[in-house]
Amino acid sequence: MDPNCLFCKIGAKQIPAKLVYEDDDVFAFEDINPQAPTHILICPKKHFVALHDAGAGDQALLGKLQLVAAKLATERNLLSGYRTVFNNGSGAGQSVFHLHLHLLGGRNFRWPPG
Ligand code: AMP
Ligand code: ZN
């Protein structure tokens, strides 16, 4: 845990959030500024700055983030169209530097993203 990290603090329940999923490795919560009817952030409990901060030993954990997203998308009837996104680095729009997978659904999406 990084004591200066917002999402580590949410994972440790030191800052409130609307938690929608948790297990030993992962937690997920509603985005405070949703960009779609469903907008959930899925985080590893382990602190990574971004995807390039992970290594080969983190392969299963990274896969788990996607599988949790698929489970939540299924539960919320989003299978006609949902998006999972990692923003890595400020140039890609990352603003919280604890790796998180966005799950967005409940509306139509354009391609390419802005
Ligand atoms: P990113 O820009 O990819 O780093 O995504 C960070 C996301 O975290 C944004 O969509 C924010 O709305 C969201 N966010 C920031 N602070 C909080 C918070 N306290 N609780 C829930 N979501 C947050
Ligand atoms: Zn963190």
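Residues are numbered from 1 along each chain as its sequence is written, while chains are lettered from A and ligands numbered from 1 in the order in which they are written. In this predicted model local features need pLDDT of at least 70, side-chain atom pairs count only at pLDDT 80 or more, and totals for chains, interfaces and linings use all residues, with side-chain values taken from heavy atoms and with hydrogens and water left out.

## The sheet

Five strands form an open sheet in the order S1-S2-S3-S5-S4, with antiparallel pairing; strands are DSSP runs of E with at least two residues, helices are runs of H or I with at least four, and both are numbered from the N terminus. Strand S1 (19-22) and S4 are the edge strands, each of which pairs on one side only, and from one strand to the next the twist averages 20°.

| Strands | Bridges and sense |
|---|---|
| S2 and S3 | five bridges, antiparallel |
| S3 and S5 | five bridges, antiparallel |
| S4 and S5 | four bridges, antiparallel |

Within these pairs, the bridge partner of Phe29 in S3 is Leu41, and Val85 stands opposite His102 in S5.

Helix H2 (residues 59-75) packs on the sheet and touches S1, strand S2 (26-30), strand S3 (38-44), S4 and S5, its direction making about 155° with that of S3. Such angles run from 0 to 180 degrees between N-to-C directions, the axes being lines fitted to C-alpha atoms, for helices over the stretch in contact, where contact means heavy atoms within 4.5 Å.

Seven of the seven residues of S3 are buried, so this strand is largely enclosed by the rest of the structure; buried means under 20% relative accessible area, exposed over 50% and partly exposed in between, with a 1.4 Å probe and protein chains only. Both faces of S3 are covered, with Thr38, Ile40, Ile42 and Pro44 buried on one side and His39, Leu41 and Cys43 buried on the other.

Val26, whose place is in strand S2, is also buried, with a relative accessible area of 0%. Leaving aside neighbours within four places in sequence, Val26 is in contact with residues including Ile42, Cys43, Leu61 and Leu65.

Cys5 lies in the segment before helix H1 (6-11) and His98 in the loop between strand S4 (82-85) and strand S5 (101-105), so the pair ties together parts that are 93 residues apart in sequence. Cys5 is buried at 6% relative accessible area, and His98 is buried at 0%.

A search of the whole structure finds zero disulfides, a disulfide being a pair of cysteine sulfur atoms within 2.5 Å. The sulfur of Cys43 is 8.1 Å from the closest cysteine sulfur, in Cys5, which is too far for a bond.

Conventions: Two strands pair if DSSP finds at least two bridges between them.
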